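Please find below a briefing on a single protein chain.

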Amino acid sequence: MKKLGCLVLFVLMAGAGNASAAGIDTAAVEAGWAGQRTSWREVGETPVIWRELLRGDGAFGGVSFTAPLDRKNVWALATDFTQLSKRSGKIDTVYITEQEGNRMTLQMVAHILWYRLSLEFEIFLEPEEIFRFRVTNEGVGEFYGYCRFQDAAGPTVGTGRTGIDLATHYKPGGLGQRMLLKQLMILERMALMHGIESFLDSCEARRARIQ
């Protein structure tokens with residue numbers, strides 16, 4: 001990985017205020033997950049908080065960490081969706097089919113476990129603040145969530161840091177019902193940790209170029 005957007009799309013195969021205002025209702029994901037399991041991990045030298053919850057209406061998963069780059073540049077890296085097929089062996093093709101205002105639609109062909117599926121992602125962006133995403137497929141089910149960006153304290157002016165919070169909810173469909181949610185949660189956690197590692201590398205590389 002190399003981009004956080006790839007992290008988001010890699011998951012399935014995946015604020016304050018009115019959660020539905022951006023066109024995708026993420027209220028269930030943004031609310032507290034009673035009974036969630038939380039663990040601390042390290043990716044390189046970066047602490048990462050992982051949280052998960054399995055219940056009757058599907059699986060919740062999320063990560064929080066801090067990127068060593070200012071929010072404007074982190075946003076640029078995270079929303080560079082058109083390069084995903086070059087950066088993940090799980091994605092064959094991806095292209096933008098529609099973009100109007102803050103709404104974007106991506107069409108992609110990806111591998112989920114032993115299946116090869118064509119999926120359409122709907123994304124709503126609030127620049128440099130949050131993007132919400134959703135994919136609905138009769139076989140796979142519904143997968144949606146958000147990725148939020150907030151300024152974090154940096155050591156000096158010009159070398160800012162950005163707090164990132166990514167949370168998802170997966171409601172299985174026909175194909176998803178045949179997959180064990182626990183197994184999918186393990187795969188999601190592995191994908192996210194790998195994605196965070198590569199994304200942090202990209203942040204470091206960009207920071208070196210702009211300093």
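The points that follow are grouped by topic. The model is predicted. The protein chain has 211 residues, of which 50% are buried, and its secondary structure consists of six helices and nine strands.

**Surface**

**Nonpolar cores**
- The largest nonpolar core comprises 40 residues.
- Within this core, the residues touching the most other members are Val63, Val74, Ile123, Phe131, Phe149, Ile164 and Phe199.
- Helix H6, spanning residues 181-210, is the element that gives the most to this core, supplying eight residues.

- Thr79 is located in the loop that lies between helix H3 (71-78) and helix H4 (84-87).
- Thr79 counts as buried because its relative accessibility is 17%, and the cut-off for this class is under 20%.
- The side chain of Thr79 reaches the backbone oxygen of Trp75 at 2.7 Å.
- When neighbours within four places in sequence are set aside, Thr79 is in contact with Leu125 and Phe131.
- Of these two partners of Thr79, Phe131 is also listed among the residues that touch the most other members of the largest nonpolar core.

Notes:
Residues numbered from 1 in each chain as written. Predicted model: local features only at pLDDT ≥ 70, side-chain atom pairs only at ≥ 80, totals over all residues. Heavy atoms only, no water. Core = buried A, V, L, I, M, F, W, Y, C linked by side-chain atoms within 4.5 Å. Buried < 20%, exposed > 50% of the residue type's maximum accessible area, 1.4 Å probe, protein only. Helix = DSSP H or I, 4+ residues; strand = E, 2+ residues; numbered from the N terminus. Polar contact = N/O pair within 3.5 Å; in protein donor to acceptor, adjacent residues only side chain to side chain. Contact = heavy atoms within 4.5 Å.
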